[in-house]
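The structure under discussion is shown below.

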Amino acid sequence: MTAPPRLPLRTRAAIFLRLFAVQGAWNYETMAGNGIAFAVEPALRLLPGGKGGEAYRSAMARQSGYFNSHPYLAGVAVGAIARAELSLEDPDRIDKFRAACCGPLGSVGDRLVWAGWLPACSLLALAAFGFGASPAGVALLFLGSYNAGHLALRLWGLRVGYRDGLRVAPALGAPLFRQGPAHMARAAALIGGVAIPLAIRGVIGPEHIRTPLGPLLSLPIVLAGSVLGAAALARLHGRAEGWRLAVVALALFILFSVVR
Amino acid sequence: MTLVAGVLPLALLGALLGLDVVSFPQAMISRPLVASTLAGALVGDPARGLLVGVVLELFALEMLPFGASRYPEWGSASVVGGALYGAQPAGTGGALAISVFAALVTAAVGGWSMVQHRRLIARRATAMHGELTADTVTALQLWGLTSDFVRGGALTALVLALFLPLTHELLSVWTADAAVSHALVVALAGAVGGAAVWNVTHTFKGAPWLLLAGLALGACLLVAT
């Protein structure tokens, strides 16, 4: 094993940009394996023998095998693998690291981003819509808030991965990953409670609120219907998908409205 | 403007946003709030695009893209919804219901097409990786990205080519009141979105109470503003 070289800025930039396409060839056989090889490739050119050398070819073959993680945290693995390969670590250790980090990088990312950050940012933007923000304002608020976290996570992952190499696991025990999902879920619950009624009112439009066309159309009735529907769907959690039920309900309603 | 000339820019947008869902760059420009607004802007009415985007976003909260699970494809679907609704004059009864229905069907077909696309990549990977080089890795990556771009664009174009004339026909014989249509769509979306927020948050200590507090605050704001 040797000390890894300091990655040139151009190499780091190339790896970082390629990480955005890490799932470009995602499939049910190797999952993101090809994407990991694609992302780490600029660093592997620095191996003895350069691009096309024996070390380079062996490393590419190793890195294109099965791998899966949350896409935003793939940088942790790519950084660590780049460091390990450039330090000429034992290939068995690198393979074991790849196998071991799939689960944690997947579950931590899913909890933090898909179940935490994404719904929180989405609900924040829905609240902005409910308060009357412009179309551009709503879209920019969502994209700005979401991608601030997204880009920060990708940058952090690559930096800490290359810094710590195969000993990167403790970094995933940082408070953000342990307590972040719970804080984000609480924030999403509070924002969601405010945002959904306001968003419903925003979509219905003011003309149907102050002067409802009939008792069925007043905002309180629509809100009550939403709450009851939400309660029923929550009880069915895992057994039925609400959006599929909505497709059926809308199809029947459209049919009723055109053949009546 | 011919159907082809109208659909082409929207298909391009659908291709770009379909790509964003998984392949590149996953910046969530494919989320309905953004994608439908962009589609609405492309047909001349971003505000109506946003309106349908809000409805679809509530549905989309239910199916978050966890791991290798199968989920609807909201990028192309949101372009379809935003374009269909944005293209109808304000006050058209039934336009929201038909646009949301078309978008949800597109999301389902899009999810299925993503699965087929992934199977196609797996077959190609097996064929290409016999002689593994940097070139084959890059080629597979580029092929995956390009084919996903084509998938999203073709899906958007096909659905719009079907639903633009169909929407016109359906609206010409539409009998239900516009307000009733709006109310039904919004109630469905609110129910799905509300259940999604509950399902994602309720296992965390204190979150159900915060949801209730948020609902109370939201109700106060509804009355006060």
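## Helical architecture and packing

Chain B of this predicted model reads along its sequence as α-α-α-α-α-α-α-α. Its secondary structure comprises 8 helices and 0 strands.

| Property of chain B | Value |
|---|---|
| Span of the C-alpha trace along its principal axes | about 65 × 55 × 25 Å |
| Buried share of the 225 residues | 57% |
| Share of contacts with a separation of 6 or more that join residues 24 or more positions apart | 76% |

In chain A, attention turns to one helix pair. Helix α4 of chain A covers residues 74-86 and helix α6 of chain A covers residues 135-164; their axes come within 7 Å and cross at roughly 25°. Because angles under 35 degrees count as roughly parallel, α4(A) and α6(A) are classed as roughly parallel to each other. The crossing of α4(A) past α6(A) is right-handed.

On the α4(A) side, the contact is made by A:G75, A:V76, A:A77, A:V78, A:G79, A:A80, A:A82 and A:R83. On the α6(A) side, the contributing residues are A:R154, A:G157, A:L158, A:R159, A:V160, A:G161, A:Y162 and A:D164. Sorted by class, the contact between α4(A) and α6(A) holds 8 nonpolar, 4 polar and 4 charged residues.

Technical notes. Residues are numbered from 1 along each chain as its sequence is written. Chains are lettered from A and ligands numbered from 1 in the order in which they are written. This is a predicted model: local features need pLDDT of at least 70, side-chain atom pairs count only at pLDDT 80 or more; totals for chains, interfaces and linings use all residues. Helices (H or I, at least four residues) and strands (E, at least two) are DSSP runs, numbered from the N terminus. A residue is buried if 20 or more other C-beta atoms lie within 10 Å of its own, exposed if 12 or fewer, and partly exposed in between; C-beta atoms are placed from the backbone. Two residues are in contact if their C-beta atoms, placed from the backbone, lie within 7 Å. Axes are lines fitted to C-alpha atoms, for helices over the stretch in contact, and angles run from 0 to 180 degrees between N-to-C directions. Angles under 35 degrees count as roughly parallel, over 145 as roughly antiparallel, 65 to 115 as roughly perpendicular and the rest as oblique. A crossing is left-handed if the near helix is turned anticlockwise from the far one by less than a right angle, and right-handed if clockwise. Ala, Val, Leu, Ile, Met, Phe, Trp, Tyr, Cys and Pro count as nonpolar, Asp, Glu, Lys and Arg as charged, and the others, Gly among them, as polar.
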